[in-house]
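Please look at the sequence and the structure together before reading on.

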Amino acid sequence: MKKTGTPYHPIPCADYSRYECAIVQHQQLRLAWQDKRNLLQLHTVRPVDLLTRASEEFIIVLDEENHQHQVRLDYICHCAILSNPA
């Protein structure tokens, strides 16, 4: 099943708040998500921002090679905080 066109399923508010805190506190995350081709992506990322577009929520992250990804929040299957604020 391809992810393109699947209805957005809102995530719990606690998870959204955790992403907000990680952005503000400059924490690195170990993030796993399914991309639009239904491939599992696993990266150490630095979260940059959150955005809402067409009633879907996304996190903008920079990966290990400084490539930017916009990840739809309901496609994330694992998130771990790797670093505490400096």
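Arg30 is partly exposed because its relative accessible area is 27%, where buried means under 20%, exposed means over 50% and partly exposed lies in between, computed with a 1.4 Å probe on protein chains only. The model is a predicted one, in which local features need a pLDDT of at least 70 and side-chain atom pairs count only at pLDDT 80 or more, while totals for chains, interfaces and linings use all residues. Residues are numbered from 1 along each chain as its sequence is written, and side-chain values use heavy atoms, with hydrogens and water left out.

The side chain of Arg30 meets that of Glu64 in a salt bridge of 3.9 Å, taken from N to O, the term standing for a side-chain nitrogen of Lys or Arg within 4 Å of a carboxyl oxygen of Asp or Glu. This pair links distant parts of the chain, since Arg30 belongs to strand E1 (residues 29–34) and Glu64 to the loop between E3 and E4, 34 residues apart. Strands (E, at least two residues) and helices (H or I, at least four) are DSSP runs, numbered from the N terminus. Glu64, with a relative accessible area of 47%, is partly exposed. Side chains of opposite charge can pair when their charged atoms come close.

How many salt bridges does the rule give? The count comes to four. One of them joins Arg37 to Asp35, with 3.3 Å between the closest N and O atoms; Arg37 is exposed, at a relative accessible area of 58%, whereas Asp35 is buried, at 11%.

Another salt bridge connects Glu56 with Arg72, whose closest N and O atoms are 3.0 Å apart. Here too distant parts of the chain are linked, for Glu56 sits in strand E3 and Arg72 in strand E4, 16 residues apart. Glu56 is partly exposed, with a relative accessible area of 22%, while Arg72 is buried, with 5%. Through salt bridges that share partners, Glu56, Arg72 and Asp74 are joined into one network.

Thr6 lies in the segment before helix H1 (13–24) and is buried, with a relative accessible area of 18%. Its side chain is joined to that of Tyr75 by a polar contact of 2.9 Å, that is, a pair of N or O atoms within 3.5 Å, where within protein one must be able to donate a hydrogen and the other to accept it, and residues adjacent in sequence count only if both atoms are side-chain atoms.

As for confidence, pLDDT is the predictor's confidence in each residue, from 0 to 100; the mean for the protein is 91, and 92% of its residues reach 70 or more.
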